[in-house]
There are 2 protein chains.
Amino acid sequence: MANVAKKVSWSGRDRDDDEDGRAGETTPLLNGTGPGAAGSGRQLTPSPFLRIGQLSNVDLNEDIRELETEVPRQRPNEIPHNEKLLSLKYESLDYDNSENQLFLEEERRINHAAFRTVEIKRWVICAMIGILTGLVACFIDIVVENLAGLKYRVVKDNIDKFTAKGGLSFSLLLWATLNASVVMVGSLIVAFIEPVAAGSGIPQIKCYLNGVKIPHVVRLKTLVIKVCGVILSVVGGLAVGKEGPMIHSGSVIAAGISQGRSTSLKRDFKIFEYFRRDTEKRDFVSAGAAAGVSAAFGAPVGGVLFSLEEGASFWNQFLTWRIFFASMISTFTLNSVLSVYHGNAWDLSSPGLINFGRFDSEKMGYTIQEIPIFIFMGVVGGILGALFNALNYWLTMFRIRYIHRPCLQVVEAMLVAAVTATVGFVMIYCSRDCQPIQGSSVAYPLQLFCADGEYNSMATAFFNTPEKSVVNLFHDPPGSYNPMTLGMFTLMYFFLACWTYGLTVSAGVFIPSLLIGAAWGRLFGISLSYLTKGSIWADPGKYALMGAAAQLGGIVRMTLSLTVIMMEATGNVTYGFPIMLVLMTAKIVGDYFVEGLYDMHIQLQSVPFLHWEAPVTSHSLTAREVMSTPVTCLRRIERVGTVVDILSDTSSNHNGFPVVESNPDTTQVAGLRGLILRSQLIVLLKHKVFVERANLSLVQRRLKLKDFRDAYPRFPPIQSIHVSQDERECMIDLSEFMNPSPYTVPQEASLPRVFKLFRALGLRHLVVVDNRNEVVGMVTRKDLARYRLGKEGLEELSLAQT
Amino acid sequence: MANVAKKVSWSGRDRDDDEDGRAGETTPLLNGTGPGAAGSGRQLTPSPFLRIGQLSNVDLNEDIRELETEVPRQRPNEIPHNEKLLSLKYESLDYDNSENQLFLEEERRINHAAFRTVEIKRWVICAMIGILTGLVACFIDIVVENLAGLKYRVVKDNIDKFTAKGGLSFSLLLWATLNASVVMVGSLIVAFIEPVAAGSGIPQIKCYLNGVKIPHVVRLKTLVIKVCGVILSVVGGLAVGKEGPMIHSGSVIAAGISQGRSTSLKRDFKIFEYFRRDTEKRDFVSAGAAAGVSAAFGAPVGGVLFSLEEGASFWNQFLTWRIFFASMISTFTLNSVLSVYHGNAWDLSSPGLINFGRFDSEKMGYTIQEIPIFIFMGVVGGILGALFNALNYWLTMFRIRYIHRPCLQVVEAMLVAAVTATVGFVMIYCSRDCQPIQGSSVAYPLQLFCADGEYNSMATAFFNTPEKSVVNLFHDPPGSYNPMTLGMFTLMYFFLACWTYGLTVSAGVFIPSLLIGAAWGRLFGISLSYLTKGSIWADPGKYALMGAAAQLGGIVRMTLSLTVIMMEATGNVTYGFPIMLVLMTAKIVGDYFVEGLYDMHIQLQSVPFLHWEAPVTSHSLTAREVMSTPVTCLRRIERVGTVVDILSDTSSNHNGFPVVESNPDTTQVAGLRGLILRSQLIVLLKHKVFVERANLSLVQRRLKLKDFRDAYPRFPPIQSIHVSQDERECMIDLSEFMNPSPYTVPQEASLPRVFKLFRALGLRHLVVVDNRNEVVGMVTRKDLARYRLGKEGLEELSLAQT
């Protein structure tokens, strides 16, 4: 079937070796290859797949660590759900190109002009990402506005009817039922069709950009469920926003367009094939996430910064500029379409899903005396945010333990929807805060028990989509709310939002956070004026804005990007400095208690997430101590059976294999020659790229890069590839498929050094070699992600199979 | 003096080896270490300093390259000044920590709490950078305002006097003399005291952040000259701005504060000693540059983006947040001080040195029909910018060839000052564009031949500091300027600004570019209304803004950061999209003709500047082809005399030496063991860290990291260190000082791969090793910077000693 031209002196000893090799699986071969045993490398064990262990020169610490890590690898029956675990089930993405011969040949064939075409394609894709993301945002906005409008009108009519003749409990029942049924549909599709569409998707995108493969996260199906889900959640009256999910939607759009095909729809448009690898796809997903932020908040620069803050490891000017372009196109598209929809074409005044409205800094400047007050608000926001996160942490733990069945999840979502409606109704019912209807911008003014020409002020907060409530709190003239209303609203909404986050529905936490913050911020402003007997004139709108920033900052702990998002969403640069102060304070205070919400959820999922730097106190660890060992190596010319056995071995979930010199006759040391990925081996096996041992002189079948790209990203499992007994005896030459220059580190390198290399280049496998370039271990994501800085110093997470 | 504890079997053969070794300097030892010559590595040549050459397996191309590069190394008498040279005189900065034993011991000693202290210190330093940068900006602003005010009042009085009684040529003489004498002082201090303070300093800071050491660039003396120089240039009426130099000033402030001492003043405050290394210093310089942008334009986010766009290689969230903090503090300080100075304390409405004034988007929104017009303006800006750069390129070439003596430079600066005044005067004199004085905001209205109650409109542009002229062009009501005035002004100012940039004065090019652009932008707006007979109402102020963006973009080619700076300076988010489009178009069009101004000047200085990525078509090159070879290696235990000889050898300007195994008795291969820097060796020699050969068992003197830090960054030259003949025979053990885990690449790695590693980690030396970890070459900055993408494909620059 395939032939070999290479002249390799291959002896008949291999079958025997094979036995050794398989034995090696259970009893790793340990070579003493320390500096003291200088010559031992030459006595290379001629086993077909090496497991080179390095245990000499290793201190006691490592032995203990070895024991610790070996235990969870044996799939414990029950995993205690806590943060101190790291799951082994997540695969990594590879942001380092495998520069094998095929790749280099292709790159060398492409000339200067062709690279320009590739560059132009990148720009076109970014424009498409921007346009589509903007359109999706429009769709969500328009559908939500209409459906929610319909719902509120129906309920309002009902309430108006029953206010007069009594029996408002029918109205409550109607409202709660409407909400619960809408949410039920939203929850059903998420729970049963695509659970990864739950929540805001921001933690998932953070993980993706960080280099962790979350299954299904950028599939078309996820997008559809996400969009429908978020519409239903918002219409269902939950304490959620439609902004966070835009980031996820943008990312899916980007991943889809950039690949020029949809595996879900089984359509391949045969375009953009050059971009079918993790490196390129990641860049586009960054652009998609930025476009999502941009569409959500009308904040193109904030979007770019969000992408960079969450995703970038290596800043690249061209990439950043493309991301910015996608962001700008996205907000522009949204703006144009919505302006046409709202009938005032080309007004271009609604750049995002939520617009905070214009804060006129002439009228609402701040003075230096207010800065300590803002900082105090930051402290409050940090504490409230930490409380929110802590409550949500316990709730999530409870959910993981007890509410893991989809139907239970749907029931919980319905319950929350009904409770939200009930709480809102009761609050509105009990409120006696009436305001004159004239001159106010309330969309659905509920009169209830107010006098004619007045409306119930509590209803502006509860009987409305959260976006509108936020804007009302920012801009309603002083005196629109009485302090009691605001206090009760803050308290109730805080717990509702906390309960809601983590439900099996698509929904964001940005808007509820802003709403809570705006409510207590406004209350704070009013109290300040009251307490100082008017000597400090605290504009309630301004304090609502600062409170919103403080609360959101306390919950999500984003920094630079959030400042810019807030600045852009208010259309006001002047507030930049106080907003930054507030966010920074909230972050510092919040971090003192508990982590940010997204990071918390990432940890609760035991994702091996790499932070920006290695823990500061980790200089005492070296590569030798953190690396995984033994490592399964392949020879440059390997027996097919051995490859199949290695890939089928479920006890090892390695996805990259160092390739070492194959000729067992020479006394040469088994130096590292390259690195080959599981996915590449699978494609090779699938295409039967091997030759019979008898015909080693024949030319092995040549593959093209296209064959690998076509299989990307859903490589078939090894079980699906049939290899006959005869084929098992064939030989496979890995030379032209392996990456001949994998990155390596010496054993003595400190953890921060290894971390820096790994993180900056977005690696997946980093081979640890000794002084003679022999493989002694391998560092992968989980080996680095397990070290964390806890309160007590350096902590080590355990590894778990689930 | 020093003792050795290591038990190394050291034979008496070394003196003989030494002779071999020195011979090796002129005739490099070439080992054939290709795969075919497997065993040869074991026959290690026992020369005390190895020069391992690798010429086998090298194709013809490389031999040719070798020849090409060897020629300029012999210091040619005359260097043709063109862009195709790369100077060897620039040293690199090392952004990779040398993680030797001393460093690791210190890091391990520092506990968690101490790291928190370090972190707090970083924040304190950033706050100080922000405050000081803001204060320096205030100082410049106030002094310029007063001095320029004084000058314009004197000249105005004089003109007013002579307008009545005739003899305006005296006024011209007065004006020209005043300008020329002020500029003379400004030019004298720059030319004779600190030439590196010339220009805007942005190219220099770009180089510094990129990793190139420009001598004196961050010294206190440079700051003083820069500040005085820029004041004198602006007061001297040159076509320059005071904004660009703020970036340089901020950087110097940052470098100074973060080191806790001033070598110029010979004061060491014994604080912040932890930060005395390139890595940390670079981070603070980024913050300083951002603070400078922030103070200049009131654009804190723009500042952060500028720093990242120009400097960052690895994006780090904490660092970015600190940079943002410094930027915010800087603009806040400036704002507060200026508000007090202007008498309306805490008004906080002047966040930068230049404020474009408020663009009210309600009144001045844009419609989608205008977008093609803006894009067209971008094209015009790109072409005009390219023309500006091309003219300036020829001018700079001329200057390099003929105006290299300081006194000539001063004369040229005076000439430009006098011509600028004359041109301004003649233009004002010839202009008949009179405008009513009422309601206008002109600072020094010149009546000249206008009727009473009117002023000369040309004078608002010429008889004013350029900052004020820009704001006038943006905000003066429609009809303030007639098209003729604007056209003549654009034409004259274009050539004046072009002539001025590159003079030996401290000055920026931002404001003149904005001014040229604002003038033709306004003209464009007026013409548009006129041509379409008013059917398109083009607000002249808006078009002036777009023109300014187009012109500045066409000249400097900055992208994301410039968009954000413009957005922040206008205080308006709405214009973000058109500004981005304009800048992008200007960049694309401009790049088609000629490079950006800063990049052009960097190339004219032959600086080995690393761009973001390797040229796209460079996959055909491998590490083997780009590396420098032979490499001078040191043994782990080396004779002092050998070290001194290597360091004194002027033919090699290497600053890092691979350390290889020292024991010549074993048959072990000479694998790489570490890397040691020239600066480290010098400190070792200075402190006499070696032992007599007879007493090898004695303990070598121990150094502390402090000894290295105290010498940083001005390490003494090797000539200043006296080593006696007896000391030459001593031995030095490098083990604990060398970096035991330098980054390496295999010979087969492609250039883009090497480039990515080098650039992302900010390396200075990258060792190329073969399959057995033997050193075969070294890649440094110049080896990577020499490959460039020209119009014809991959180009290679020659190396030159000057």
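In which helix of chain A is the place of Ser286(A)? Ser286(A) sits in helix α9 of chain A. Before I continue, please note that this is a predicted model, in which local features need pLDDT of at least 70, side-chain atom pairs count only at pLDDT 80 or more, and totals for chains, interfaces and linings use all residues. Residues are numbered from 1 along each chain as its sequence is written, while chains are lettered from A and ligands numbered from 1 in the order in which they are written.

Helices are DSSP runs of H or I with at least four residues, strands are runs of E with at least two, and both are numbered from the N terminus. Ser286(A) counts as buried because 29 C-beta neighbours lie inside 10 Å. The term buried requires 20 or more other C-beta atoms within 10 Å of the residue's own, exposed means 12 or fewer, and partly exposed lies in between, with C-beta atoms placed from the backbone. Between Ser286(A) and Phe425(A) there are 139 residues in sequence and 42 Å in space, C-alpha to C-alpha.

Two packed helices are described by the angle between their axes and the distance between the axes. Helix α6 (residues 202-210) of chain A packs with helix α9 (residues 278-297) of chain A at about 150 degrees, the axes being 10 Å apart. Here axes are lines fitted to C-alpha atoms, for helices over the stretch in contact, and angles run from 0 to 180 degrees between N-to-C directions. α6(A) and α9(A) are therefore roughly antiparallel; that label applies to angles over 145 degrees, whereas under 35 is roughly parallel, 65 to 115 roughly perpendicular and the rest oblique.

Which residues of α6(A) meet α9(A)? They are Ile205(A), Tyr208(A) and Leu209(A), and their partners in α9(A) are Arg282(A), Val285(A), Ser286(A) and Ala289(A). Contact requires C-beta atoms, placed from the backbone, to lie within 7 Å. By class, this contact of α6(A) with α9(A) has 5 nonpolar, 1 polar and 1 charged residues. Ala, Val, Leu, Ile, Met, Phe, Trp, Tyr, Cys and Pro count as nonpolar, Asp, Glu, Lys and Arg as charged, and the others, Gly among them, as polar.

In chain B, helix α9 (residues 278-297) holds Glu280(B). Is Glu280(B) buried or partly exposed? Glu280(B) counts as partly exposed, because 19 C-beta neighbours lie inside 10 Å. Leaving aside residues up to four places away in sequence, Glu280(B) touches Ser258(B) and Phe275(B).

I turn now to the strands. Strands of a sheet pair through backbone hydrogen bonds, either parallel or antiparallel. In chain A, strands β17 (residues 765-769) and β18 pair in the antiparallel sense over 5 bridges; pairing requires at least two bridges found by DSSP. Val768(A) has Gly777(A) in β18(A) as its bridge partner. β17(A) and β18(A) form a hairpin with 5 residues between them, and Asn773(A) in the turn has a positive phi of about 65 degrees. Strand β18 (residues 775-780) of chain A is mostly covered, with 6 of its 6 residues buried.

Chain B has an open sheet of 3 strands in the order β16-β17-β18, with mixed pairing. Its edge strands are β16 (744-746) and β18 (775-780) of chain B, each pairing on one side only. Helix α27 (residues 751-761) of chain B lies across β16, β17 and β18 of chain B, at about 145 degrees to β17(B).

Finally, the contact between the chains takes 68 residues from chain B and 68 residues from chain A. On the side of chain B that touches chain A, α11(B) gives the largest share, 8 residues.

Terms used:
Two residues are in contact if their C-beta atoms, placed from the backbone, lie within 7 Å.
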